[in-house]
Amino acid sequence: MWRLDRFGKVASRAVAAVTGTPEFNVATFALLLNFAWEILQAPLYAGMAGLPHAQVTKACLQATVGDMVIMLLAYGAVAVFARRRRWVVAASGWQLAWFVAIGVSITAAIEWLATRGHWVGSWNYLPLMPLLPGTGIGLAPLLQWVLLPLITVWFTRRQLASAQDTAAL
């Protein structure tokens, strides 16, 4: 009985050590928010409407994992510049600006390459997709990278503060 109780406490501390990190929270919220966005913007891409639901879901999941990686790269870059892993808890304006700018830049490059057939996968937009003038890059994926990083920071900040308050009890 004692060993099982001790194991439970050790396991609980290990889970808290992982879930209490900013990177875990950024990754989690990036996955949740970006998957919803990918599903909602799917009708703006050529061929998506005619695919079976499972294939659309798979494509959106693949894009979501890529979005999470981009978000973690942007988060890590800001952490290096800020010299603080937990910069998200009290993010300054320049940190938020760089977080968004890095994500927008990577996304713009991927969208530009993919719509020209120079990426791992390629895709095309339907005429419904508004484009950034002079670039041929869709506005929906760029807007995604203006809004979702900021929402991710907000959720992550709340989650880390909540976890810290719980740990203090």
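Visitor: How many residues does helix α4 have, and what distance does α4 reach from its first C-alpha to its last?
Guide: This is a predicted model, and in it α4 covers residues 93–114. At 1.5 Å a residue, a span of 32 Å is expected for α4, and the computed reach is close to that. Helix α4 has 22 residues and reaches 31 Å.

Visitor: What span should α3 have at 1.5 Å a residue, and how far apart are its end C-alpha atoms?
Guide: Helix α3 runs over residues 53–82. Its 30 residues should span 44 Å at 1.5 Å a residue, and the computed separation agrees with this. The end C-alpha atoms of α3 are 42 Å apart.

Visitor: Are α3 and α4 parallel or oblique to each other?
Guide: The axes of the two helices come within 9 Å and cross at roughly 140°. Angles over 145 degrees would count as roughly antiparallel, and a crossing at roughly 140° is therefore classed otherwise. In this right-handed crossing, α3 and α4 are oblique.

Visitor: Which residues of α4 meet α3?
Guide: On the α3 side, the residues in contact are Ile70, Met71, Ala74, Tyr75, Ala77, Val78, Phe81 and Ala82. By class, the contact has 14 nonpolar, three polar and no charged residues. The α4 residues are Trp94, Gln95, Trp98, Phe99, Ile102, Gly103, Ile106, Thr107 and Ile110.

Visitor: Which residues of α3 are buried?
Guide: A residue counts as buried when its relative accessible area is under 20%. Helix α4 has buried residues too, among them Phe99, Ile102 and Ile110. In α3 the buried residues are Val56, Cys60, Thr64, Asp67, Met68, Ile70, Met71, Ala74, Tyr75, Val78, Ala79 and Ala82.

Visitor: Is asparagine 25 buried or exposed, and which residues does asparagine 25 touch?
Guide: Asparagine 25 lies in helix α2, which covers residues 22–41. At 4% relative accessibility, asparagine 25 counts as buried. Leaving aside residues up to four places away in sequence, asparagine 25 touches Thr19, Gly20, Thr156, Gln159 and Leu160.

Visitor: How is alanine 11 classed by relative accessibility, and what distance separates its C-alpha atom from that of alanine 109?
Guide: Alanine 11 lies in helix α1, residues 2–19. At 27% relative accessibility, alanine 11 counts as partly exposed. Alanine 11 and alanine 109 are 98 residues apart along the chain, and their C-alpha atoms are separated by 42 Å.

Visitor: What pattern does the protein chain follow along the sequence?
Guide: The secondary structure comes to five helices and two strands. The C-alpha trace spans about 65 × 40 × 25 Å along its principal axes. Read along the sequence, the pattern is α-α-α-α-β-β-α.

Visitor: What percentage of contacts between residues at least 6 apart join residues at least 24 apart?
Guide: The protein chain has 169 residues, and buried residues make up 34% of them. Among its contacts between residues at least 6 apart in sequence, the share that joins residues at least 24 apart is 67%.

Methods:
Residues are numbered from 1 along each chain as its sequence is written. This is a predicted model: local features need pLDDT of at least 70, side-chain atom pairs count only at pLDDT 80 or more; totals for chains, interfaces and linings use all residues. Side-chain values use heavy atoms; hydrogens and water are left out. Axes are lines fitted to C-alpha atoms, for helices over the stretch in contact, and angles run from 0 to 180 degrees between N-to-C directions. Helices (H or I, at least four residues) and strands (E, at least two) are DSSP runs, numbered from the N terminus. Angles under 35 degrees count as roughly parallel, over 145 as roughly antiparallel, 65 to 115 as roughly perpendicular and the rest as oblique. A crossing is left-handed if the near helix is turned anticlockwise from the far one by less than a right angle, and right-handed if clockwise. Contact means heavy atoms within 4.5 Å. Ala, Val, Leu, Ile, Met, Phe, Trp, Tyr, Cys and Pro count as nonpolar, Asp, Glu, Lys and Arg as charged, and the others, Gly among them, as polar. The expected span of a helix is 1.5 Å times one less than its number of residues. Buried means under 20% relative accessible area, exposed over 50%, partly exposed in between (1.4 Å probe, protein chains only).
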